[in-house]
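I have not seen it before.

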Amino acid sequence: MSEHRERTTDEPPDRADRVDSATEAFVAHRNLLFTVAYEMLGSAADAEDVLQETWLRWVGVELDTVRDQRAYLVRIVTRQALDRLRVLRRRKESYVGPWLPEPLLTAPDVADDVELAESVSMAMLLVLETLTPTERAVFVLREVFDLEYGEIAEAVDKTPAAVRQIAHRARAHVAARRPRGAVSAADTRDALQAFQRAIETGDLQSLLDILAPDVVALSDGGGIKHALPRPILGAAKVVRLLATGWYKRGTGISVEPVQINGGPALLVRLDGELDGVLAVRVENGRVTGLYHVRNPEKLSRIERETTVTR
């Protein structure tokens with residue numbers, strides 16, 4: 001969407017000025033709106049669609065009546081994302097194999113905001129999948145973006161009292177399932193490097209040493225690429241999986257460290273061609289989660305950085 005709009009000769013000046021003002025406000029908050037939509041949907045493609053729908057509604061608003069443009073835009077994007085989330089729920093019922101969020105290549109500074117990085121992580125987005133649409137919206141707006149209950153109530157069409165109850169319920173649900181906690185950047189980097197070395201050298205013992213005993217591996221091929229039909233739990237099983245999978249492909253596989261969704265990951269190439277993304281969850285210096293996205297329809301956002309913010 002262009003940030004500057006030429007005024008046509010047959011367009012009233014006040015209309016053109018209003019569109020320009022709307023565009024300026026929308027662009028100023030676009031990264032925030034994308035982050036809200038993405039955290040609610042786990043899909044960048046659908047988040048972009050929601051932003052288009054938000055823009056179409058926003059450009060028709062009389063800006064003079066809007067007291068807080070940021071809050072108003074968040075309210076529109078939340079309502080549109082809620083509608084899209086209910087559609088996605090039905091779509092996921094027919095999804096082939098396990099579903100993982102669409103990975104985003106994020107800037108290194110995202111990891112500096114620990115709460116934001118955790119909120120967009122693969123692990124957390126999978127936890128959010130277990131919430132109802134309204135619970136997810138309330139949790140994201142309250143816990144991640146720190147909106148007031150009254151603002152959230154307007155966005156989800158509930159009373160502030162009801163939103164408080166939903167927030168409490170969602171917070172307890174997430175707390176029981178969320179990852180066990182963040183680790184230092186140095187520990188994360190060291191664990192990823194050790195994991196990468198083990199992958200590149202085929203050293204199964206080193207791989208076993210860096211994996212937590214209860215590590216879980218998930219993969220998403222979307223019915224297009226081969227993927228695990230169900231999660232694999234346990235270090236020994238994950239090592240066997242890698243030994244009979246990647247290592248048997250010979251020297252054609254290469255990995256490159258990147259930051260995906262605010263956390264450590266490896267870009268996987270096979271014979272020089274992009275094959276997938278392997279996001280890694282690190283806790284207490286060991287790898288506790290492996291999230292392997294091979295579905296090519298979900299890999300467009302790793303060619304360039306996506307800005308997420310709050």
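The buried residues of helix H8 pack against helix H5 (122-128), helix H6 (133-144) and helix H7 (149-156). Here contact means heavy atoms within 4.5 Å, and buried means under 20% relative accessible area, exposed over 50% and partly exposed in between, with a 1.4 Å probe and protein chains only. Helices (H or I, at least four residues) and strands (E, at least two) are DSSP runs, numbered from the N terminus. This is a predicted model in which local features need pLDDT of at least 70 and side-chain atom pairs count only at pLDDT 80 or more, while totals for chains, interfaces and linings use all residues. Residues are numbered from 1 along each chain as its sequence is written, and side-chain values use heavy atoms, with hydrogens and water left out.

The buried residues of H8 are Val 163, Ile 166, Ala 167, Ala 170, His 173 and Val 174. Seen down the helix axis, they fall within an arc of 135 degrees, so they line one face of H8; the arc is that of the directions from the axis to the C-beta atoms. An α-helix has 3.6 residues a turn, so residues three or four places apart point the same way. The face of H8 turned away from the buried side carries the exposed residues Ala 161, Gln 165, His 168, Ala 175 and Ala 176. Arg 169, also in H8 (residues 160-177), is partly exposed, with a relative accessible area of 45%.

Next comes the nonpolar interior. A nonpolar core is a set of buried Ala, Val, Leu, Ile, Met, Phe, Trp, Tyr and Cys residues joined through side-chain atoms within 4.5 Å. The largest such core has 59 residues, and Trp 58 and Leu 128 touch the most other members. Helix H1 (13-41) gives the most to this core, with 12 residues. Leaving aside neighbours within four places in sequence, Leu 128 is in contact with Glu 39, Arg 89, Arg 136, Phe 139, Val 140 and Val 174. A second, separate core of 24 residues includes Leu 228, Val 239, Leu 242 and Val 255.

The strands remain. Six of them form an open sheet in the order E2-E1-E6-E5-E4-E3, with mixed pairing; two strands pair if DSSP finds at least two bridges between them. Strand E2 (232-233) and strand E3 (253-260) stand at the edges with a single partner strand each, so one side of each is left without a neighbour in the sheet. Strand E4 (residues 263-270) and strand E5 (residues 273-283) pair in the antiparallel sense over six bridges.
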